[in-house]
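I opened a new page for this structure. My notes follow the order in which I looked things up.

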Amino acid sequence: MQMSREVAQALASNKPVVALESTILCHGMPYPSNVRTALEVEEIIRSAGAVPATIAIIGGIPHVGLTRKEIEMLGREGHKVKKVSRRDLAYVVASRVHGATTVSATMILAHAAGVRVFVTGGIGGVHRGVESTWDVSTDLRELGRTPVCVVCAGVKSILDIPKTLEYLETEGVPVMTYGQKDFPSFFTASSGVRSPMTVGSAEQAAAVVGAQADLGLGGTLVAVPIPREHQADAAEVEGAISACLERARAEGVTGNAITPFILQGVKDLTKGKSLEANISLVKNNALVGAEIARHVSRAEV
Ligand code: PSU
Ligand code: MN
């Protein structure tokens with residue numbers, strides 16, 4: 001594993017570090033918005049007093065902390081870079097190729113490096129129609145077993161939200177929504193589904209992360225609602241999602257190609273409005289995540 005100097009120094013002196021994933025860079029957003037957003041999110045984390053550690057695999061070597069050049073290269077390559085979840089890690093490392101890490105693979109590498117907080121946009125979940133496809137993202141199992149706090153904006157309604165929360169309960173994952181009782185659904189602040197837990201501050205979330213570690217348990221999930229002023233039109237997004245799910249079925253898109261296929265389709269059908277919402281929620285998550293990381297590392301001193 002290769003760590004950037006900035007990240008290595010921060011970890012050695014117990015400064016707060018925030019991990020970031022690279023699937024959102026290569027598969028979740030189009031070029032060049034993806035590169036611009038990735039670099040801006042890193043800056044937001046720095047100005048909030050933490051060190052960003054974007055995680056990816058470059059030429060088979062897991063990297064924790066990327067240079068600007070590496071982020072630009074991965075963002076330009078986009079879909080040519082393999083999407084890497086827990087399942088794909090060993091194969092991509094052994095094949096010495098580039099890999100964009102999903103939430104599960106990013107958690108594994110963050111934990112191996114000693115990074116305890118990780119910010120992203122949306123996690124994977126239980127897909128609609130799971131009864132026939134058995135499509136449950138490995139992100140949910142990773143949250144059950146790897147002690148990293150994942151900060152997200154909830155799960156997209158391309159997924160089955162109640163079933164996703166059920167599965168997280170099975171996996172024993174504390175799911176905390178930040179500042180409200182309803183679990184958020186990514187593009188919109190509320191999903192209409194009650195969140196299992198609520199926290200009122202980053203400090204409170206960090207206290208749960210600390211207790212979870214003391215108890216020797218797995219990961220934690222913090223769901224931060226998209227700021228109301230950046231919400232997308234719920235009906236428009238819902239219509240786009242249904243259309244894309246139908247198209248995915250008709251075209252036979254399955255497995256790990258489904259999520260990127262639908263993200264891209266929703267962006268096209270909403271004429272980029274979903275992308276704007278996506279960018280602003282990730283930036284907001286970065287602020288909250290940096291604050292949680294500051295409290296987590298303070299508690300450790
Ligand atoms: N949801 C998003 N944007 C994303 C992803 C999910 O809104 O970029 C990515 C994340 O990397 C997540 C992965 O870990 O998709 C889940 O993929 P799958 O559904 O194939 O498990
Ligand atoms: Mn899947």
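Which residues of the largest nonpolar core touch the most other members? I found V18, F118, V150, V151 and I292, in a core of 93 residues. Helix α13 (residues 273-300) gives the most to this core, 10 residues. I note the terms here. A nonpolar core is a set of buried Ala, Val, Leu, Ile, Met, Phe, Trp, Tyr and Cys residues joined through C-beta atoms within 7 Å. Buried means 20 or more other C-beta atoms within 10 Å of a residue's own, with C-beta atoms placed from the backbone. Helices (H or I, at least four residues) and strands (E, at least two) are DSSP runs, numbered from the N terminus.

The model is predicted: local features need pLDDT of at least 70, side-chain atom pairs count only at pLDDT 80 or more, and totals for chains, interfaces and linings use all residues. Residues are numbered from 1 along each chain as its sequence is written, while chains are lettered from A and ligands numbered from 1 in the order in which they are written.

Next I looked up F118. Leaving out residues up to four places away in sequence, F118 touches V18, A19, T106, M107, A110, V148, C149, V150 and V151. Touching means C-beta atoms, placed from the backbone, within 7 Å.

Then I turned to A223, in strand β13 (residues 220-223). A223 counts as buried because it has 29 C-beta neighbours inside 10 Å. Among its contacts beyond four places in sequence are C152, V175, F183 and S195. A189 lies 34 residues from A223 in sequence and 10.0 Å away in space, C-alpha to C-alpha.

Notes. A residue is buried if 20 or more other C-beta atoms lie within 10 Å of its own, exposed if 12 or fewer, and partly exposed in between; C-beta atoms are placed from the backbone. Two residues are in contact if their C-beta atoms, placed from the backbone, lie within 7 Å.
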